[in-house]
Amino acid sequence: MKIAIVAPSCSLKREAAELVVAIAAARGDCELAIHRQCFLSEGHFAGPDAARLAALREAMADPSVDAVWFARGGYGSNRIAEAAAQDLPDSAHRKLYLGYSDAGFLLAAFHKAGLEVAHGPMPQDVLRDGGEAAVARALDYIV
């Protein structure tokens, strides 16, 4: 199973990315594709609105991706949610979208558009107390 990680809000810390990749690799049942956009920075966002939207839409359109996992929260996804939910490619309907915090803007827009969404832990959470267990639960759910 291929899981794309995009950051529609704030940047993903490289330390978190490395830990989440290691957790997934140890499982052996999923492949994480962390979009390079996750490490961009513009103010407190993971790049400008256009870059965050483009990365999300790329993952949504990629037929090889089974799930889209939002990297972390933080104000920002609300700025692209409406555009992200318009003119959806067919492949977008065959994926699960997972996140919480301000990713709820995207989850709500995607749910309204008929996509499968879930509210749950994100990769950045691996750096919190109990974060490895939270990431493992998220991967269990996705897989």
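This briefing looks at strand 4 and one of its residues, Tyr97. The model is predicted, so local features need pLDDT of at least 70 and side-chain atom pairs count only at pLDDT 80 or more, while totals for chains, interfaces and linings use all residues. Residues are numbered from 1 along each chain as its sequence is written, and side-chain values use heavy atoms, with hydrogens and water left out.

- Strand 4 spans residues 96-99; strands (E, at least two residues) and helices (H or I, at least four) are DSSP runs, numbered from the N terminus.
- On one side sit Leu96 and Leu98, on the other Tyr97 and Gly99, and all are buried (under 20% relative accessible area, 1.4 Å probe, protein chains only).
- Strand 3 (residues 67-70) pairs with strand 4 in the parallel sense over three bridges; pairing takes at least two DSSP bridges.
- Val68 has Tyr97 as its bridge partner in strand 4.
- Strand 5 (residues 116-119) also runs parallel to strand 4, joined by four bridges, and Glu116 there is the bridge partner of Leu96.
- To get from strand 4 to strand 5, the chain goes through helix 4 (residues 104-112) in a right-handed β-α-β crossover, that is, clockwise from first strand over helix to second with the strands pointing away from the viewer.

**Tyr97 up close**
- Tyr97 counts as buried because its relative accessibility is 0%.
- Leaving out residues up to four places away in sequence, Tyr97 touches residues including Met60, Phe70, Leu107 and Phe110 (heavy atoms within 4.5 Å).
- Its side chain reaches the backbone oxygen of Ala92 at 2.8 Å.
- Asp140 is 43 residues from Tyr97 in sequence and 14 Å away, C-alpha to C-alpha.

How values were computed. Buried means under 20% relative accessible area, exposed over 50%, partly exposed in between (1.4 Å probe, protein chains only). A polar contact is a pair of N or O atoms within 3.5 Å; within protein, one must be able to donate a hydrogen and the other to accept it, and residues adjacent in sequence count only if both atoms are side-chain atoms.
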